[in-house]
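Let's take a walk through a protein fold together, one piece at a time. Keep the picture open while you read and try to find each part as it comes up.

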Amino acid sequence: QVQLVESGGGLVQAGGSLRLSCAASGRTFSTVAMGWFRQAPGKEREFVAAISWRDDRTYYADSVKGRFTISRENAKNTVYLQMNSLKPEDTAVYSCAAPQGDSSVYWYTGAEWEYDYWGQGTQVTVSS
């Protein structure tokens, strides 16, 4: 059974920073990419960022470009999201996700149906 566990969320003032982590576990875990999504109260879940597991490709939503950085440590099956210059509108539950094996071709589009494994999420609250 594959599990994704996020950590690092919390309360921060506007302009501050947080670093989220997502660790994947499970004997059969294999993926082509990992991504971060977020869901604010009363809104649909949206794509934040994604990173290839095999090369240097990264993709970001326009709303976080220049402020957020996604990175990974393959040996630890862990992906990170460094969030700087946080804004109140970044407040949301942040979840990591991964496609199963090589099943996804369009993971870089941020489409949710490309991702098979999902974590429970971690709350990020940015106060003004």
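## The disulfide

Start with the bond between Cys-22 and Cys-96: the torsion about its S-S bond is about 50°, so this disulfide is right-handed. The two cysteines sit in distant parts of the chain, 74 residues apart, with Cys-22 in strand S3 and Cys-96 in strand S9. Bear in mind that you're looking at a predicted model. In that model the two sulfur atoms lie 1.9 Å apart, and the structure holds one disulfide.

Are these cysteines buried or exposed? Cys-22 has a relative accessible area of 0%, and Cys-96 also comes out at 0%. The cut-off for buried is under 20%, so a value of 0% counts as buried.

## The whole chain

Now zoom out. Picture its C-alpha atoms in a box of roughly 40 × 30 × 25 Å along the principal axes.

Buried residues account for 46% of the 128 in the chain. Contacts reach across the sequence too: of those between residues at least 6 apart, 57% join residues at least 24 apart.

## A sheet of four strands

Which strands make up the open sheet of four? Going across, the order is S1-S3-S8-S7, and the pairing is antiparallel. S1 and S7 are the edge strands, each pairing on one side only. From one strand to the next, the twist averages 15°.

Let's cross the sheet pair by pair. S1 (residues 3–7) meets S3 (residues 18–25) over five bridges; here Gln-3 stands opposite Ser-25, and Ser-7 stands opposite Ser-21. Next, six bridges join S3 to S8, with Arg-19 partnered by Gln-82 in S8. S8 also pairs with S7 over six bridges, and there Thr-69 stands opposite Gln-82.

S7 and S8 form a hairpin, with four residues between them. Look for Asn-77 in the turn, which has a positive phi of about 50°.

## Two faces of a strand

In a regular strand, side chains alternate between the two faces of the sheet. S8, for its part, is mostly covered, with five of its six residues buried.

## The nonpolar core

How many residues are in the largest nonpolar core? There are 38, and those with the most contacts inside it are Leu-4, Trp-36, Leu-81, Met-83 and Tyr-94. Several strands each supply at least two residues of this core, among them S3, S4 (33–39), S5 (46–52) and S9 (92–98).

Take Met-83 as an example and see what surrounds it. Leaving aside neighbours within four places in sequence, Met-83 is in contact with Gly-16, Ser-17, Leu-18, Leu-20, Arg-67, Phe-68, Tyr-94 and Val-124. One of these partners, Tyr-94, is on the list of residues with the most contacts in the core, along with Met-83 itself.

Notes. Residues are numbered from 1 along each chain as its sequence is written. This is a predicted model: local features need pLDDT of at least 70, side-chain atom pairs count only at pLDDT 80 or more; totals for chains, interfaces and linings use all residues. Side-chain values use heavy atoms; hydrogens and water are left out. Buried means under 20% relative accessible area, exposed over 50%, partly exposed in between (1.4 Å probe, protein chains only). Two strands pair if DSSP finds at least two bridges between them. A nonpolar core is a set of buried Ala, Val, Leu, Ile, Met, Phe, Trp, Tyr and Cys residues joined through side-chain atoms within 4.5 Å. Contact means heavy atoms within 4.5 Å. A disulfide is a pair of cysteine sulfur atoms within 2.5 Å. Axes are lines fitted to C-alpha atoms, for helices over the stretch in contact, and angles run from 0 to 180 degrees between N-to-C directions.
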